[in-house]
Amino acid sequence: MKTAILSVGTELLFGQITNTNTVFLSQQLNLLGFDVMYHYTVGDNSVRLADMIEQAFKDCSLVITTGGLGPTEDDLTKETACRVLHDELVMHQPSLAALEERARKYGRPMTPNNYKQAMMPSRAVVFSNEVGSAPGMALTEGDKTIICMPGPPREMTWMWENRVGPY
């Protein structure tokens, strides 16, 4: 299957962090027989992100993203993927419960921006994140699938090994 990896985060473009996720995912995907055709990096900008997803889908049927799933205003990967693949965000109750439990565990209040992380596309397969706060997801429309995972390498690696790889 032709695959593109799309890394999301202005900090990657500015060279503030090294993109180890792409190396890890390329190795893992190749071991599974996927043809990694492209690596893209885009900043935290919904218009450019949508353009990159659409560009990747011109040649690939699978796009895997890392980053942009957090609770801040500039975390727009899930919302953008949802828009490109013609779906709508709905509250995902298991993700909400996990976020509320995480907040209780760490003695933190649930702030309004935390609820954003529990919003998922209505057709998504949701991947829980037991080492961080942002769940991941897979969304399919026709022959196109996008899989979105968190950006922090520890969370992304865990999610790949425990949720996405088996999926």
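At 56% relative accessibility, R104 counts as exposed, where exposed means over 50% relative accessible area, buried under 20% and partly exposed in between (1.4 Å probe, protein chains only). R104 forms a salt bridge with E101, and the closest N and O atoms of the pair are 3.3 Å apart; a salt bridge is taken here as a side-chain nitrogen of Lys or Arg within 4 Å of a carboxyl oxygen of Asp or Glu. E101 is partly exposed, with a relative accessible area of 43%. The two residues are three apart in helix α5 (residues 93-105), so about one helical turn separates E101 from R104. An α-helix has 3.6 residues a turn, so residues three or four places apart point the same way. Helices (H or I, at least four residues) and strands (E, at least two) are DSSP runs, numbered from the N terminus.

The model is a predicted one, in which local features need pLDDT of at least 70 and side-chain atom pairs count only at pLDDT 80 or more, while totals for chains, interfaces and linings use all residues. Residues are numbered from 1 along each chain as its sequence is written, and side-chain values use heavy atoms, with hydrogens and water left out.

Helix α5 itself has 13 residues and reaches 18 Å from its first C-alpha to its last, close to the 18 Å expected at 1.5 Å a residue; the expected span is 1.5 Å times one less than the number of residues. Its buried residues are S95, L96, L99 and A103. Seen down the axis of α5, these fall within an arc of 100°, so they line one face of the helix; the arc is that of the directions from the helix axis to the C-beta atoms. The buried residues of α5 pack against β4, α6 and β6, with contact meaning heavy atoms within 4.5 Å. On the other side of α5, P94 and K105 are exposed along with R104. The helix is followed by G107, whose phi is positive, near 65°.

Helix α6 can be examined through N114, which is placed in this helix. N114 is buried, with a relative accessible area of 18%. Leaving aside neighbours within four places in sequence, N114 is in contact with P71, L99 and P109; L99 is also one of the buried residues of α5.

K116 lies in helix α6 (residues 112-116) and E79 in helix α4 (residues 77-84), so the pair ties together parts that are 37 residues apart in sequence. Another joins D87 to R123, and here the closest N and O atoms are 3.9 Å apart. D87 lies in the loop between α4 and β4 (89-91) and R123 in the loop between β5 (119-121) and β6 (125-127), so this pair ties together parts 36 residues apart in sequence. D87 is buried at a relative accessible area of 16%, whereas R123 is partly exposed at 38%.

I53, in helix α3 (residues 46-59), is buried with a relative accessible area of 0%. The C-alpha atoms of I53 and A81 are separated by 7.5 Å, although the two residues are 28 apart along the chain. Beyond its neighbours within four places in sequence, I53 is in contact with L6, T80, A81, V84 and I146. L25, found in helix α2 (residues 20-31), likewise counts as buried at 0% relative accessibility. L25 and M156 are 131 residues apart in sequence and 9.3 Å apart in space, C-alpha to C-alpha. With neighbours within four places again set aside, the contacts of L25 are I5, I64, T66, M149, M156 and W160.

Turning to the cysteines, the structure holds zero disulfides, a disulfide being a pair of cysteine sulfur atoms within 2.5 Å. C60 is in no disulfide, and the nearest cysteine sulfur, that of C148, is 15 Å away. C60 counts as buried, at 1% relative accessibility. The sulfur of C82 is 9.8 Å from the closest cysteine sulfur, in C148, too far for a bond. C82 is buried, with a relative accessible area of 3%.
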